[in-house]
Amino acid sequence: FITKQKMAALVAKSGCAPLVAKRPARQAVKTMAVLKPSVKAAPAVSTAAANQMMVWQPINNKQFETFSYLPPLTADQIARQVDYIVANGWIPCLELADASVAYVSNSNTVRMGSVTSNYYDNRYWTMWKLPMFGCTDPAQVLSEIGKATKAFPSAYIRLVAFDNVRQVQIMSFLVQRPRGAQDYCDVSKRSVA
């Protein structure tokens, strides 16, 4: 068994330099910049205010994309969003999914091993017809929403907007939840004290 002292004596006899690099003394390190706090410290919260904090309700509280955290949109609110999409020159498209496959889960996805890390099949819903390329009339989009909801009353239906210049999806939001959907939680019940 070799102690530290014996090891030091052997190294000294051999004439080998120790392999440990010495750190510069703290005084030798020069400060390059002084960091100033970018944000002021938050004010102290009273115990009464802390007791008012809420916890997210994890049961029957699933959400979908844009506007999901709001109450379901009315027909007028959907029409305003369609006006906004068309006014920006974006391409509207409707997609639908059965309630059993609307959410990505272990039971309805295909994973092909480690080569497809973070890739899940079934992220895309079935498209209702083709995207509405060149659509300049919001009434056409609203008409298609009506036809899709009539044809698939028990499906989730979402409106998606694509930007053909940037080649990205700009927004998507639900225009219909299935009538018997149990996954939606009223806004007033989404948090618990």
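Student: What makes up the chain in terms of helices and strands?

Tutor: This is a predicted model, and its chain has 4 helices and 6 strands. Starting at the N terminus, the elements run α-α-β-α-β-β-α-β-β-β.

Student: Why is Ile78 called buried?

Tutor: Buried means under 20% relative accessible area. Ile78 has a relative accessible area of 7%, so Ile78 counts as buried. This residue lies in helix H3. For the chain as a whole, 27% of the 193 residues count as buried.

Student: How do you know what Ile78 is in contact with?

Tutor: Contact means heavy atoms within 4.5 Å. Setting aside neighbours within four places in sequence, Leu73, Leu142, Ile145, Phe173 and Val175 are in contact with Ile78. Try the list for Ile145 too, with those neighbours within four places again left out: Ile78, Val82, Leu94, Leu159 and Val175.

Student: What makes the largest nonpolar core a core, and which residues touch the most other members?

Tutor: The name goes to buried residues of the nonpolar kinds, Ile and Leu among them, joined through side-chain atoms within 4.5 Å. There are 19 residues in the largest one, and Leu94, Val141, Ile145 and Leu159 touch the most other members. Two or more residues each come from helix H3 (75-87), strand S2 (91-98), helix H4 (138-151), strand S4 (155-163) and strand S5 (168-176). H3 gives the largest share, 4 residues. There's also a second, separate core of 7 residues, including Phe64, Ala97, Ala102 and Tyr103.

Student: How do you know how far apart in sequence the contacts reach?

Tutor: Take the contacts between residues at least 6 apart in sequence: 67% of them join residues at least 24 apart.

Student: What lines the largest pocket, and how much space lies in it?

Tutor: About 200 Å³ of space lies there. The lining has 15 residues, and Pro72, Leu73, Leu174, Val175 and Arg177 are the closest to the centre. S5 supplies the largest share of that lining, 4 residues.

Student: What makes the lining of that pocket nonpolar, polar or charged?

Tutor: You go residue by residue: Pro, Leu and Val count as nonpolar, for instance, and Arg as charged. By class, the lining comes out as 11 nonpolar, 3 polar and 1 charged residues.

Technical notes
Residues are numbered from 1 along each chain as its sequence is written. This is a predicted model: local features need pLDDT of at least 70, side-chain atom pairs count only at pLDDT 80 or more; totals for chains, interfaces and linings use all residues. Side-chain values use heavy atoms; hydrogens and water are left out. Buried means under 20% relative accessible area, exposed over 50%, partly exposed in between (1.4 Å probe, protein chains only). On a 1 Å grid over the protein atoms alone, a cavity is a set of points where a 1.4 Å probe fits but cannot get out, and a pocket is an open set with protein on both sides within 12 Å along at least five of seven lines; lining residues have an atom within 4 Å of a point. Grid points are joined across faces, edges and corners, and a volume is the space filled by probe spheres set on the points.
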